[in-house]
Amino acid sequence: MVGRLILILGDQLSDDLSALREGDPARDTIVMAEVLGEASYVPHHPKKIAFLFAAMRKFATRLEGQGWRVAYTRLDDSENTHSIPGDLIRRAAETGATEVLATEPGEFRLIAALEDCPIPVHQFPDGRFLCSHAEFDQWAEGRKELRMEWFYREMRRKTGLLMEGDQPAGGKWNYDHDNRKPAPGEIAFDGPLRFEPDAVTEEVLALVETRFSGNFGTLHPFWFATDRAGAQKALDHFIAHALPRFGDFQDAMLDGNRFLYHSVISMYLNAGLLGWREICEAAAAAHHAGHAPLNAVEGFIRQIIGWREFMRGIYFRQGPDYTRMNTLGHDRDLPGFYWTGDTKMRCMSRAVEQTRDEAYAHHIQRLMVTGNFALLAGIDPYQVHEWYLAVYADAYEWVEAPNVIGMSQFADGGIVGSKPYVSGGNYINKMSDHCKHCAYEIGEKTGEKACPFNYLYWAFLHRHRDRFGRNPRMAQMYRTWMKMSDDKRQATLDSADAFLARLERGDRV
Ligand code: FAD
Ligand code: DLZ
């Protein structure tokens, strides 16, 4: 019987992949390929490329150890066609295979490319998620609004995580209220577990250094785990040392600390080196053993079975045009300092610098600093989306786009959230110590010295008053704006205009 090809993509490095389950090691050939088509459709951070290539190479070796035949294409191979369909065609010619088994990719771009491939590709559902497309659609059907909280409760019931019978542990579904403490003086966690590159990783690092040196982001020091065993150790390290305080300081930011009590496991989870179930069960077990409080564990589990699954559901329900949504009509170009970090706004420069160094920023930096600024300044959401997709090691469209287009930029008009995540400088000052180090004055509301977030925030609300003025969740903000004197309001709008003019001129702002 003629064997088939089994495609495994760079973010499908899991033993329990549906395409593998459908395959037969005795007759099928696994295809894995480092191709420019994937490595350069956005200018990915070099750490992201190195992580995936090293993890792909090791996963191929692992599969060979399990008895699979693997046709692995390295980036430098002379026969490399540099596209996934191209490599499938080449491998089909070599092996005589006439069909391909694949697990559905996480981006519509690649799903379409596989559908158009001249060799039939059977795309099986990606079973590594808790909620299937059909289940999400069934949940969403007929609802006026899709809200994460209701979806999350279904997922808690479905998994039984932190449940006491049919009731949530502790009597409440959501402990978010306890999870908003401002930045603490000191952090009793020295960050994610770091790994010394081994020979496989060193070889990849040399390749990435030569081929992707022009991309935004520093490659060295490279400290990510690149296989499942390492990712599991990184998870254990988080559970043992950071989870107990994860909840309290989930929204905090510190000028001198990049990770606080965050897990920094999203790149492992999204590439398939870890699974949602083992992560959530480890967190729940830590709570049951008395090691971590409920607010921390509930908050952490909610991010994974709630937000992560909800975002995926939205992406696949909305379809390929979602990334082009621009409900607020924002059209300003992404400022250059998103690539250089060269801005006087301390919170922005710190977020961009750490993104450059680590291919990582935590949620509040992404949402309330770089995302908030882009929204307030009216940046074209598609450009914002491309930036996020490129710069973070955990970024794939299925999870990045709903976070950026939906949650952060409100470009979807409220599919993900009922109101935009915007704030003035006061929020950043409350949750961080950046403002102490900033060239701008957080206490000033207008004029050249004032924190730009302060006046851009009011100018945003004013600009979009027809859309948001009647939103009950924003009524208080509009009342405050309207209570200001005409002179103060005018000075605020003038400061915003002057700032945006400086931004457009390319001045250092
Ligand atoms: P922790 O804070 O420790 O949280 C634990 C886990 O929960 C994460 O590893 C992640 O898997 C999950 N999680 C938390 N929040 C979300 C969320 N909103 N959506 C999906 N999963 C979540 N996450 C990505 O995985 N890829 C992205 O490309 C991505 N882009 C984002 C863009 C913007 C504008 C925003 C606001 C958020 C984005 N997120 C993205 C969500 C979140 O910021 C990251 O998952 C988180 O910062 C990863 O760091 P961590 O592993 O330390 O997470
Ligand atoms: C992100 C990425 C990169 C940088 N390179 C590759 C690659 O060379 N080969 C591959 O199979 N996958 C890569 N990936 C991951 C894919 O882009 C990802 O599978 C799709 O975007 C779908 O999520």
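## Ligand 2 and its cavity

Ligand 2 sits in the largest cavity. A cavity here is a set of points, on a 1 Å grid over the protein atoms alone, where a 1.4 Å probe fits but cannot get out; a molecule sits in it if more than half of its atoms lie within 2 Å of its grid points. The model is a predicted one, in which local features need pLDDT of at least 70 and side-chain atom pairs count only at pLDDT 80 or more, while totals for chains, interfaces and linings use all residues. Residues are numbered from 1 along each chain as its sequence is written, chains are lettered from A and ligands numbered from 1 in the order in which they are written, and side-chain values use heavy atoms, with hydrogens and water left out.

## The shell around ligand 2

There are 19 residues around ligand 2, and Gly-10, Asp-11, Ala-33, Val-35 and Glu-38 come nearest. A residue is near the ligand if one of its heavy atoms lies within 4 Å of it. By type, the shell holds 11 nonpolar, 3 polar and 5 charged residues; Ala, Val, Leu, Ile, Met, Phe, Trp, Tyr, Cys and Pro count as nonpolar, Asp, Glu, Lys and Arg as charged, and the others, Gly among them, as polar.

Helices H2 (36–39), H3 (46–65) and H5 (108–115) each contribute at least two residues to this shell, and H3 gives the most, with 3 residues. Helices are DSSP runs of H or I with at least four residues, strands are runs of E with at least two, and both are numbered from the N terminus.

## Polar contacts and burial of the ligand

Oxygen atoms of ligand 2 make polar contacts (pairs of N or O atoms within 3.5 Å) with the protein. A polar side-chain atom of Glu-38 lies 2.6 Å from a ligand oxygen, and one of Glu-107 lies 3.2 Å from a ligand oxygen. From Gly-106, a polar backbone atom is 3.4 Å from an oxygen of the ligand. Taken alone, ligand 2 exposes 490 Å², and the protein buries 100% of that; accessible areas come from the Shrake-Rupley method with a 1.4 Å probe.

## Backbone features in loops

The His-220 to Pro-221 peptide bond is cis, with omega near -5 degrees. Pro-221 belongs to the loop between helix H8 (199–211) and helix H9 (228–241).

Phi is positive at His-82, about 65 degrees, although His-82 is not a glycine. His-82 lies between strand S3 (69–73) and helix H4 (84–95), in a loop, and is partly exposed at 23% relative accessibility. Phe-410, also not a glycine, has a positive phi near 50 degrees. The loop between helix H18 (397–408) and helix H19 (425–431) contains Phe-410, which is buried at a relative accessible area of 5%. Buried means under 20% relative accessible area, exposed over 50%, and partly exposed in between, with a 1.4 Å probe and protein chains only.

Terms used:
A polar contact is a pair of N or O atoms within 3.5 Å; within protein, one must be able to donate a hydrogen and the other to accept it, and residues adjacent in sequence count only if both atoms are side-chain atoms. On a 1 Å grid over the protein atoms alone, a cavity is a set of points where a 1.4 Å probe fits but cannot get out, and a pocket is an open set with protein on both sides within 12 Å along at least five of seven lines; lining residues have an atom within 4 Å of a point.
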